[in-house]
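Welcome, and take a moment to look around.

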Amino acid sequence: MINRTIFFVAALFLLAFQGYSQIKLGAKFNVGTSWISSSNLKDNFEYQMNNDIEITQWDVNYKPGIMIGLGVVASYELSSNLSLNGELSYNYQQSNINIDFADIESTVVSEAKIRSSRIAIPVTLHYSLGSEKPSIHAGFEWNIFGTPEIESNETEFIGSAAVDQEGIIGELDSFTKSRLNFLLGVGKTIDLGGSNFDLHIRYHLPLTGSSMYNTTSPALFDDNTMNNNEVFGVLGASDAAQEAPQYPLDNFKMHFIDLSISYFFN
């Protein structure tokens, strides 16, 4: 259903601009990397560690993963050097959060793979520094996310021996699906004699954060996670909030860096 909606909106997006010679229409492809960050998650764990003499380690690392997307683009020429661009694309991304925990008895190594999809609608101003020079652009991007999926894998060690392994695949339904980014990029237009390729490197700075945990299957998370990834379940998130209320787990942000390739038909 979501794919039909995307193609229907894309078709309307293109038809709405037909007949305007100052508007160029095209297709686009995005490929890049994405990662999730939360300063409060790390601060929450560190606060608990500093107040519990049995905890000796609690490290959080955000690992970038892949992002890929397809869509359409329209460019409205405001002047010889300035244009206004609008896009509509469907994107998929995956990134990892690795958490290592240790106390006086054992160590738990955790990996949480977070997968999600989104419809992105950026509106940007593009300024060209000259016909043979690069262009810069900036603007805002509205994102509509689907429900992220987590694949959690955790292994407990005593010394160097693995003594337990737990894992789940679940959804993170406590998640703000409408998100705003600030988009900044630089690139170049390649003239192919009537048609143009636009190549841009872009950073999507997240302006809004969110909680990120599951509320509908608490037993699934509580029974199949250990000290670390249980914060992605409602019981673990509640426990973390009670242990360190000054660091609520409500500021997870989604970052993206991509290469945007646009091909204009006219």
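## Salt bridges

Seven salt bridges turn up when the whole structure is searched; the term stands for a side-chain nitrogen of Lys or Arg within 4 Å of a carboxyl oxygen of Asp or Glu. This is a predicted model, in which local features need pLDDT of at least 70 and side-chain atom pairs count only at pLDDT 80 or more, while totals for chains, interfaces and linings use all residues. Residues are numbered from 1 along each chain as its sequence is written, and side-chain values use heavy atoms, leaving out hydrogens and water.

Strands here are DSSP runs of E with at least two residues, helices are runs of H or I with at least four, and both are numbered from the N terminus. Glutamate 87 has a relative accessible area of 5% and lysine 28 one of 3%, so each counts as buried (under 20% relative accessible area, with exposed over 50% and partly exposed in between, using a 1.4 Å probe and protein chains only).

Glutamate 87 also meets arginine 202 in a salt bridge, at 3.0 Å from N to O. This pair spans 115 residues, with arginine 202 in strand β10 (residues 196–206) and glutamate 87 in strand β4. Both of these residues are buried.

## Glutamate 141 and arginine 118

Another salt bridge brings together the side chains of glutamate 141 and arginine 118, 3.7 Å from N to O. Because glutamate 141 lies in strand β6 (residues 135–145) and arginine 118 in strand β5 (residues 107–128), the pair ties together parts 23 residues apart in sequence. Glutamate 141 is buried at 2% relative accessible area, and arginine 118 is buried at 1%.

Elsewhere, Lys28, Glu87, Arg202 and Asp258 belong to one network, joined by salt bridges that share partners.

## The whole chain

Stepping back, the chain holds four helices and 11 strands. Its C-alpha atoms fill a box of roughly 70 × 40 × 35 Å along the principal axes. Of the 266 residues in the chain, 42% are buried.
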